[in-house]
Amino acid sequence: MDRRDFLAQTAAVLGLTGVAGHAAAQSFQEGKHYVRLSQQLSVTAPEGKIEVVEFFWYGCPHCHAFEPTLDAWARKLPADVAFRRVHVGFRPNFEPQQRLYATLEALGLVDSLHRKVFHAIHQLRQRLDRPEDIFAFVEKNGADRAKFVEMYNSFGMQAKVRQGKQLAEAYKIDGVPALGIHGRYYTSPALAGGDNTPELEGGLRALALTDQLVARVRKGA
């Protein structure tokens, strides 16, 4: 973790209660700070769980900045909330990184390597948009290369990429990071924060709003 990430995560952990509490006291407006989908989408969360999905792209600097705040929030979620990430596929050349994240998830490597991917791209300026570069990166960071390559090239990963793309299209996601709430709502740091809001505060406001929307779903709204 570099100094920027450490400071961002510290601010998130220390500031989440204060800033999120302040945001919660405000009135978020439908159509301005969040969108209600015209038709509810199906979710993959187990029965009785409320699904929250983060849509992201490894090459996005805003996703990189949001990750420490998001991670601190995700680690404190109630037991009835199921959180997952989906790497978007806005363009065909996003697919190698879509497969990268899907493979990390399938092999249980998200906790150990997800943040390192962001760090490699945004701090070390490494190119991780070709399979061979990705395979070299995961091997260097302690993963079993042969097992990773096999999973990366599997039919299951092809299906995950397709499903992720379909879900982003169903939510009508046109920018990242963004948050989908149980197939009913979506918001983002840009929407929740509005114009001229510092990036960290926009992220905290998006998460506070997500908490509100989760509570709304919990009540059947």
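1. Aromatic cluster. Phe56, Tyr58, Tyr101 and Phe118 make up one aromatic cluster in this predicted model. Rings of Phe, Tyr and Trp (its six-membered ring) pair if their centres lie within 6.5 Å; planes under 30 degrees apart count as stacked, over 60 as edge-to-face and the rest as tilted. Searching the whole structure gives 13 aromatic pairs. One of them is Phe56 with Phe118, a tilted pair at 6.1 Å centre to centre and 55° between the planes. This pair links distant parts of the chain: Phe56 belongs to strand β2 (residues 50-56), Phe118 to helix α4 (residues 110-122), and 62 residues separate them. Phe56 is buried at a relative accessible area of 0%, and Phe118 is buried at 1%. Tyr58 also pairs with Phe118, edge-to-face, at 5.0 Å centre to centre and 70° between the planes. Here too distant parts are linked: Tyr58 sits in the loop between β2 and α2, 60 residues from Phe118 in helix α4. Tyr58 is buried, with a relative accessible area of 0%.

2. Basis of the values. Residues are numbered from 1 along each chain as its sequence is written, and because the model is predicted, local features need pLDDT of at least 70, side-chain atom pairs count only at pLDDT 80 or more, and totals for chains, interfaces and linings use all residues. Side-chain values use heavy atoms, with hydrogens and water left out.

3. Helix α4. This helix has 13 residues and reaches 18 Å from its first C-alpha to its last, close to the 18 Å expected at 1.5 Å a residue. The expected span is 1.5 Å times one less than the number of residues. Its buried residues include Val110, Leu113, Val117, Phe118 and Ile121. Buried means under 20% relative accessible area, exposed over 50%, partly exposed in between (1.4 Å probe, protein chains only).

4. Charges over rings. A charge sits over a ring if NZ of Lys or CZ of Arg is within 6 Å of the ring centre and within 35 degrees of the ring normal. Arg91 lies over the face of Trp57, 5.9 Å from the ring centre. The charged end of Arg99 sits over the ring of Tyr152, at 5.9 Å from its centre.

5. Leu70. This residue lies in helix α2 (residues 61-74). Leu70 counts as buried because its relative accessibility is 0%. Leaving out residues up to four places away in sequence, Leu70 touches Glu54, Phe83, Arg85, Leu179 and Leu207. Contact means heavy atoms within 4.5 Å. Leu70 and Gly203 are 133 residues apart in sequence, yet 7.8 Å apart in space, C-alpha to C-alpha.

6. Sheet. Five strands form an open sheet in the order β1-β5-β4-β2-β3, with mixed pairing. β1 (35-36) and β3 (81-87) stand at the edges with a single partner strand each, so one side of each has no neighbour in the sheet. Two strands pair if DSSP finds at least two bridges between them. β1 pairs with strand β5 (residues 185-187) in the antiparallel sense over two bridges. Tyr185 in β5 is the bridge partner of Arg36.

7. Whole protein. There are nine helices and five strands. Helices (H or I, at least four residues) and strands (E, at least two) are DSSP runs, numbered from the N terminus. Of the 221 residues, 48% count as buried. Among contacts with a separation of 6 or more, 73% come from residues 24 or more positions apart.
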